[in-house]
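Here is a friendly walk through a structure, written for someone who likes to think in strands, helices and contacts. Have a look at the sequence and the fold, and then read on.

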There are 2 protein chains.
Amino acid sequence: MKQGEKVLIAQGGGPTAVINQTLAGIVLEARKYPQISKIYGALRGVSGIVNQDFVDLTMETSRNLEQVALTPAAALLSTRVKPDEQYCEKIFRVLKAHDIRYFFYIGGNDSADTVRIVNEQAKIANYELHAIHVPKTIDNDLMVTDHTPGYGSAARFAAQAFAGVDFDVRALGGIYIGVLMGRHAGFLTAAAALASNYPDSGPHLIYLPEREFKVEQFIADVKETYDRYGRCTVAVSEGIKDASGQPILTTLGKDLDKDAHGNITLSGTGALGDLLTQCVKDNLKGLRVRSDTFGFLQRSFLGCVSEVDQFEAREVGEKAVQFALGMGHAEGSVTIHRVGDYVVDYRLTPLNEVAGKTKVMPDEFINAAGNHVTEAFKAYAKPLIGNDLQPTARLRAPMVPKLQCAE
Amino acid sequence: MKQGEKVLIAQGGGPTAVINQTLAGIVLEARKYPQISKIYGALRGVSGIVNQDFVDLTMETSRNLEQVALTPAAALLSTRVKPDEQYCEKIFRVLKAHDIRYFFYIGGNDSADTVRIVNEQAKIANYELHAIHVPKTIDNDLMVTDHTPGYGSAARFAAQAFAGVDFDVRALGGIYIGVLMGRHAGFLTAAAALASNYPDSGPHLIYLPEREFKVEQFIADVKETYDRYGRCTVAVSEGIKDASGQPILTTLGKDLDKDAHGNITLSGTGALGDLLTQCVKDNLKGLRVRSDTFGFLQRSFLGCVSEVDQFEAREVGEKAVQFALGMGHAEGSVTIHRVGDYVVDYRLTPLNEVAGKTKVMPDEFINAAGNHVTEAFKAYAKPLIGNDLQPTARLRAPMVPKLQCAE
């Protein structure tokens with residue numbers, strides 16, 4: 001055990017509600033190891049490493065770290081940069097210059113790939129480095145791990161939003177389309193179903209990127225639901241695709257006009273929701289149709305956190321440090337394994353099993369018609385959104401007989 | 001005091017998170033009066049009255065009423081019908097046929113007007129009726145009352161959303177535009193400012209329907225903010241208007257293309273957010289610009305409730321019954337009056353002071369530039385969103401000196 005070793009932490013990709021729990025977990029756990037002299041944080045992910053924009057997290061109070069842990073979105077700031085080999089070389093040179101021996105990168109599958117490349121370069125250079133990928137993404141699309149920290153809180157947002165929206169649409173009637181994040185994996189969209197309690201509760205239809213989206217079938221599904229319940233609430237993934245794998249936004253956009261510039265933006269706008277709304281209005285005349293795109297709210301809304309997610313996000317950080325510093329592992333991705341109902345354990349998985357790969361919803365989580373989730377999905381996802389969801393109820397008062405009125 | 005009198009309750013207009021607290025307040029309080037034999041609920045507001053779609057709320061358990069109270073959106077279902085004199089006559093005939101002597105209508109200023117008309121008709125017919133308007137609206141746009149039940153919880157949603165979004169945009173940079181409800185009154189949009197804690201916290205700009213929206217000034221404001229902070233988060237009311245009082249959606253839409261049908265929908269879509277986004281992109285090249293339209297979430301999201309709002313929504317229901325049954329008042333609108341910091345009292349205000357009228361943000365709540373709120377607004381609105389908001393924090397670690405790297 002050498003004295004005066006340094007730790008570097010960075011955060012990459014999009015925010016989650018609990019990404020700073022992981023940061024706090026790493027910092028507070030690393031402080032327990034006497035060989036560690038400094039804990040640095042890189043600002044703006046990998047770009048902060050190549051630019052040496054480091055802050056000294058050794059100089060953070062425990063209380064402030066705990067407050068930061070409760071704050072959504074990367075406290076170290078983030079980046080969308082996806083490093084290539086050359087970029088990773090720059091990263092490695094900076095790590096070496098600062099004599100950093102432990103590198104923890106909190107992020108998704110791209111971040112895992114960065115950790116993998118940097119670690120290979122360290123091996124080639126015969127530089128002793130412990131580089132650990134610590135998982136984070138609302139998309140829940142990482143391989144091996146049972147689920148990802150960040151998913152549970154975003155899933156809770158989706159569940160609470162749809163539970164409320166269904167009561168809203170029930171009160172005023174009509175059709176509602178909510179567009180959720182997830183370009184390739186439908187886990188977050190599927191979570192819209194997790195707070196349904198009555199047999200006719202919405203979302204009545206769920207469309208995922210894992211299944212071909214057929215416009216005619218969608219219209220038929222909506223009509224059937226509306227005819228049955230007098231309302232229809234629909235959860236749609238932003239990543240839904242046509243038979244050729246093209247995003248539906250592009251397919252539908254062809255039939256409608258482009259904007260003044262001939263472009264259709266694929267995300268960060270209400271375009272998909274508006275196109276689907278128009279599509280329903282064109283085919284089912286006279287109905288009240290509304291759409292919302294959940295956008296940033298689903299990933300950074302303050303105060304919508306699953307405590308299970310919160311604890312696990314903290315633990316993946318702690319475990320990362322224990323794997324690297326306590327057990328001496330050189331590399332890996334921290335993965336969560338469900339070992340009971342509901343209990344988990346953590347392992348260190350080889351980076352090449354996680355890096356750059358995307359997990360999508362397994363077939364058993366999607367119904368045969370491809371327009372909803374199964375009970376197996378609910379059993380999988382319900383423990384992740386926390387236990388203290390607000391219960392809801394409807395009135396159950398009997399009807400009063402009608403009387404003859406004077407004219 | 002006669003025996004065997006009947007109460008009728010209805011809910012009108014858009015949902016709030018606490019509208020059923022008021023329903024529960026009325027039912028539970030009315031049960032204490034021995035002269036009341038039946039408490040009816042009309043399904044779908046006034047349309048349920050003319051159709052005699054009544055449920056017998058006397059047959060509801062207290063526990064279920066308490067669960068319903070915690071559920072967003074009208075449990076009695078709602079309507080957008082705005083009755084004229086003739087429609088009110090039909091209402092009155094049904095009330096008479098069922099020998100209903102107490103009518104409580106939970107709703108906004110249109111509902112107050114319905115109560116006013118029905119009450120006048122009862123007077124003309126010499127029919128003893130106690131008709132009370134019980135306030136509810138997320139827009140906070142009713143006259144006389146200090147604020148409306150429903151506003152506090154929606155305002156809390158806006159505050160939590162913008163607090164989180166600002167951390168999100170801070171981590172990844174760029175410009176964010178969030179569109180909130182409020183066609184004429186900016187109170188809900190203004191609430192986006194209520195959870196800001198750092199001097200540079202967003203929303204950096206707030207545009208309200210009470211002030212003319214000038215596109216050039218908006219672009220200049222965004223540019224100045226972005227140049228200063230490297231990000232800019234903007235809260236925009238769906239009701240922002242140009243100099244002629246036309247909705248900006250129409251003004252901007254003229255410069256951009258219409259959809260395939262030549263129409264621009266004014267609400268329930270992401271259109272305004274998308275148009276403003278395009279507007280910023282056209283004028284400030286190369287910036288990352290995103291927009292969200294908060295839509296249904298801001299009024300019915302499950303689990304985002306201000307406890308102050310919750311208690312007051314319950315109390316306006318209780319007070320309505322006390323005014324009508326306990327004190328024998330024939331008519332009025334229950335209003336909330338701030339008598340201390342923060343304590344309120346309730347009064348019964350003549351219907352003609354509330355019915356059909358709209359309150360907008362007073363001048364002292366809007367800054368001189370017309371692009372933000374004042375401290376006076378924050379002092380007014382903060383007590384309404386509840387006391388237990390999740391605090392947030394940033395890291396305050398010092399920067400680490402840069403080193404020379406080997407090439």
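Is strand β4 (residues 100–107) of chain B largely enclosed by the rest of the structure or exposed? Before the answer, please keep in mind that this is a predicted model. Eight of the eight residues of β4(B) are buried, so the strand is largely enclosed by the rest of the structure. Buried here means that 20 or more other C-beta atoms lie within 10 Å of a residue's own C-beta.

**Around β4 in chain B**

What does β4(B) pair with? Strand β1 (residues 5–11) of chain B is joined to β4(B) by six bridges, and the two run parallel. Six bridges also link β4(B) to strand β5 (residues 130–135) of chain B, again in parallel.

**Chain A as a whole**

Turning to chain A, its secondary structure comes to 13 helices and 11 strands. The radius of gyration of chain A is 24 Å, close to the 22 Å that the globule rule gives for 407 residues, so chain A is as compact as a globular protein of that length. Along the principal axes, its C-alpha atoms fill a box of roughly 95 × 50 × 35 Å. Buried residues account for 59% of the 407 residues in chain A. Of the contacts in chain A between residues at least 6 apart in sequence, 75% join residues at least 24 apart.

**The sheet of chain A and its helices**

Chain A has an open sheet of seven strands in the order β3-β2-β1-β4-β5-β10-β11, with mixed pairing. Its edge strands are β3 (54–56) and β11 (343–349) of chain A, each pairing on one side only. Neighbouring strands of this sheet are turned by 25° against each other on average, direction ignored. Within it, six bridges join β1 (residues 5–11) of chain A to β4 (residues 100–107) of chain A, which run parallel, and A:Gln11 stands opposite A:Ile106 in β4(A).

| Helix | Lies across | Angle to β5(A) |
|---|---|---|
| α5 (residues 109–124) of chain A | β4, β5 (130–135) and β10 (331–340) of chain A | about 175° |
| α12 (residues 307–326) of chain A | β4, β5, β10 and β11 of chain A | about 165° |

Methods. Residues are numbered from 1 along each chain as its sequence is written. Chains are lettered from A and ligands numbered from 1 in the order in which they are written. This is a predicted model: local features need pLDDT of at least 70, side-chain atom pairs count only at pLDDT 80 or more; totals for chains, interfaces and linings use all residues. A residue is buried if 20 or more other C-beta atoms lie within 10 Å of its own, exposed if 12 or fewer, and partly exposed in between; C-beta atoms are placed from the backbone. Helices (H or I, at least four residues) and strands (E, at least two) are DSSP runs, numbered from the N terminus. Two strands pair if DSSP finds at least two bridges between them. The radius of gyration is taken over C-alpha atoms; the globule rule is 2.2 Å times the number of residues to the power 0.38. Two residues are in contact if their C-beta atoms, placed from the backbone, lie within 7 Å. Axes are lines fitted to C-alpha atoms, for helices over the stretch in contact, and angles run from 0 to 180 degrees between N-to-C directions.
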